[in-house]
Amino acid sequence: MQDKATTILAVDDSPATLEVISRNLTGAGYVVHTCGSVEEAGAFLDETPVDLIITDYKMPRANGLELIKYVRDNFKDTEIMMITGYPTISGAVEAMRDGAGEYLAKPFTGEELLAVVRRILEKQVRRRAAHAGGQELSVFGIIGNCPEMQAVYGLIRKAAQTSANVFISGESGTGKEVVARAVHYNSDRRASAFVPVNCSAIPDTLLESELFGHVKGAFTGAKDSRAGFFEIANGGTIFLDEIGDASPNLQAKLLRVMQSKEFCMVGSSRTRTVDTRIIAATHKDLKRLVAQGLFREDLFYRIHVVEIRLPSLAERGDDILMLANHFLRKFSADMNRETPRMTDEALDALAQYAWPGNVRELENLLQRLVIVGDGPVIDITDLPESMRFSITRGRHGDKTLAEVEADHIRAVLARTGDNKTRAAEILGIDRKTLREKLKRLGLG
């Protein structure tokens, strides 16, 4: 995730190493500064903000670990990457425990350097997105800032300026009703009712009565006359969710009210007129239903005046982390608890997961994590198994199996403070097997 505004500080007592780092990263579009000692780096950091520090491990006088501690105490948002010509598992554990996000052994190629730099900067972007204030990043009360959602906001603004029928498409859980409410409450109809109706939740035998109302005695149990949803929404908006599940009979009645703005209550022959805007939504492919003869083509064109397509959560990039932070704060406040912090590994897993249930699934997960959590930190081990392993599948496509295994073992050992017994438990192997893997991978 390269950004030409990204500023990197390289710290090493070897001019040759600094030259290699500077040449490779400058060529990739980064702004690179160099320092030959920890003392020089400290003075530089007091004057110039940087996004990433790449520091050598062993240097005269003060070493890289001391620089890591100084940065962690004073520059919380700055990422740190350790490089060394003396690669040992204990050194890696100590560096990562003290705050280095990545660890790279010398000698390294330009490709290896760039891969690690990009990976650590991706974590920084995710962390910044996760901890950004949700209110500042909301539009129409919707959290999200990705290009796909910016396009949605533009269509909401345009639709709100008219009374045209609106069709909202998107997978289940993407927030279709939220968008429908945004259109209504930003339109001239905002002072009148917004009435949501789930066409798949009401039996077909009752749906006509619910939508159009009935007169007293119209059917068994109709002891009084009652207005329907269309009349309640007169002057406002009716939201027909899951319209793709509407029966042929209901489709015919909806077409009539859309064409003429007229309807009859069940049990009455008197025509009533309404000025009700219709917003319809479905997760189904209506064009395919039309082709299969399951949905009326004339009704399709009536509701399909303005279409707003909602992206799946997996298409929304760092919006996932903004939403996660929003839900964490919301549910923590509901329970009168401090908002927990998510580790980089947990954030990576959320970003890599496919989210088949979209925003609704994310919201339910964060609510569950707040309810069952008993600490200030949410780690990857607190997530469902399918999410824990999505991170491994997603970010190591250019590495060998041995490299992926070494990275994972190193990260687990760092997170457990080099506690091999606990690390073996997390990895699902016994201590002896872990010891053998460390030797085979050159980490022992």
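Modeller: Setting aside neighbours within four places in sequence, I303 is in contact with N165, V166, F167, I243, M258, A280, L286 and F295; contact here means heavy atoms within 4.5 Å. The model is predicted, so local features need pLDDT of at least 70 and side-chain atom pairs count only at pLDDT 80 or more, while totals for chains, interfaces and linings use all residues. Residues are numbered from 1 along each chain as its sequence is written, and side-chain values use heavy atoms, with hydrogens and water left out.

I303 belongs to the largest nonpolar core, which has 32 residues. Such a core is a set of buried Ala, Val, Leu, Ile, Met, Phe, Trp, Tyr and Cys residues joined through side-chain atoms within 4.5 Å. Buried means under 20% relative accessible area, exposed means over 50%, and partly exposed lies in between, with a 1.4 Å probe and protein chains only. Along with I303, the residues with the most contacts inside this core are V197, L211, I238 and L240. The elements giving two or more residues to the core are β9 (194-198), α8 (204-212), α9 (229-232), β10 (237-241), α10 (248-260), β13 (277-282), α11 (286-291) and α12 (297-303). These elements are DSSP runs numbered from the N terminus: helices are H or I with at least four residues, and strands are E with at least two. The most comes from α10, with 5 residues. A second, separate core of 27 residues includes L313, W355, V359 and L362.

F239 stands opposite I279 in β13.

The loop between α10 and β11 (262-264) holds K261. Although K261 is not a glycine, its phi is positive, at about 60°. Its relative accessibility is 31%, so K261 counts as partly exposed. N358, also not a glycine, has a positive phi of about 60°. N358 lies in helix α15 (residues 358-372), and its 0% relative accessibility is why N358 counts as buried.

Of its 444 residues, 48% count as buried. Among contacts between residues at least 6 apart in sequence, 70% join residues at least 24 apart.

How values were computed: Two strands pair if DSSP finds at least two bridges between them.
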